[in-house]
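Subject: Structure handover

Hello,

I am passing on the structure below, with notes on what turned up in it. Please keep the notes with the file.

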Amino acid sequence: ARLPLDAIAVPLRPSFCDAPDDLRLGFNYFPDCMLKRSDPREVFSFPDDLSYARQLARLIRAPLRRISTHQFPDGETLAGIGQRRTRAHAILVRRLDHPNPKIADTLFVADALRRAGALEITLGVPYFPYLRQDKVFHDGQPLSAKVFGDLIGHSFDRVITFDPHLHRIHSLSDAIPCRTLHLSAAAPIARWVRANCPDAVV
């Protein structure tokens with residue numbers, strides 16, 4: 001069963017938050033406490049992430065800006081935020097499951113936002129990839145978690161994600177060189193299952 005929108009209401013704190021990680025709901029619980037209430041905010045979204053970004057924009061009462069994309073015949077892509085200047089805190093909502101086709105556009109948009117004058121840039125990503133590759137398991141292999149974390153951390157000021165794979169890496173900020181926050185879905189999902197599926201086995 002899907003979690004209904006009103007199933008969970010939890011307080012959000014700057015250091016740690018309980019929140020559902022269902023991709024359709026998670027960013028309804030975006031930690032507003034991370035931003036000054038006086039800061040102007042704008043939510044940016046790629047076409048395939050609009051349903052999630054729209055919920056976040058409505059929650060924090062911020063305008064939603066659509067990102068345009070174009071693919072050239074050779075496979076290169078061009079992503080744009082429109083011919084606009086912005087003096088706002090920019091929040092990019094981006095799902096990075098199946099990450100490889102999405103990485104370049106995500107970094108390009110971060111650069112476009114920076115050049116447009118964004119005060120800060122936050123990446124809201126339900127799933128942060130490559131953290132399971134947190135060790136060189138065999139000679140000749142890369143440390144993929146560090147490579148990908150560096151790419152993202154050098155392009156964004158903040159990263160917010162859900163239940164990241166932190167096994168050998170003890171803190172998300174050790175993997176991504178910028179301010180980070182990870183949210184946990186375990187407790188509210190357990191409460192919902194207990195209330196709605198009492199015979200469930202997890």
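Overall layout

The protein chain contains 5 helices and 9 strands, where helices (H or I, at least four residues) and strands (E, at least two) are DSSP runs, numbered from the N terminus. Along the sequence their order is β-β-α-β-β-β-β-α-β-α-β-α-β-α.

This is a predicted model, so local features need pLDDT of at least 70 and side-chain atom pairs count only at pLDDT 80 or more, while totals for chains, interfaces and linings use all residues. Residues are numbered from 1 along each chain as its sequence is written, and side-chain values use heavy atoms, with hydrogens and water left out.

Confidence

The mean pLDDT (the predictor's confidence in each residue, from 0 to 100) of the protein chain is 81, and 81% of the residues score at least 70. Where pLDDT is low, the predicted coordinates should not be read in detail.

Totals

Of the 202 residues in the protein chain, 47% count as buried. Buried means under 20% relative accessible area, exposed over 50%, and partly exposed in between (1.4 Å probe, protein chains only). The protein chain has an accessible surface of about 11100 Å², and carbon and sulfur atoms account for 52% of that; the areas come from the Shrake-Rupley method with a 1.4 Å probe, and for residues only the protein chains shown count as cover. Taking contacts in the protein chain between residues at least 6 apart in sequence, 62% join residues at least 24 apart.

Strands β4 and β5 (residues 77-80) run antiparallel and are joined by 4 bridges; two strands pair if DSSP finds at least two bridges between them. Thr69 has Ala79 in β5 as its bridge partner. The hairpin has 5 residues between the strands, and Gly75 takes a positive phi near 95° there.

Ser68 lies in strand β4 (residues 68-71). Leaving aside neighbours within four places in sequence, Ser68 is in contact with Leu78, Ala79 and Gly80. Ser68 is partly exposed, because its relative accessibility is 44%.

Aromatic rings

The whole structure holds 2 aromatic pairs. Rings of Phe, Tyr and Trp (its six-membered ring) pair if their centres lie within 6.5 Å; planes under 30 degrees apart count as stacked, over 60 as edge-to-face and the rest as tilted. The ring centres of Tyr130 and Phe148 are 5.4 Å apart and their planes are at 45°, so this pair is tilted. Tyr130 sits in the loop between β7 (120-125) and α3 (144-153) and Phe148 in helix α3, so the pair ties together parts 18 residues apart in sequence. Phe148 is buried, at 4% relative accessibility, whereas Tyr130 is partly exposed, at 23%. Phe128, Tyr130 and Phe148 form one aromatic cluster.

Cysteines

A search of the whole structure for disulfides (a pair of cysteine sulfur atoms within 2.5 Å) finds 0. Cys178 is buried, with a relative accessible area of 15%, while Cys197 is partly exposed, at 29%.

Regards

Note on methods: Contact means heavy atoms within 4.5 Å.
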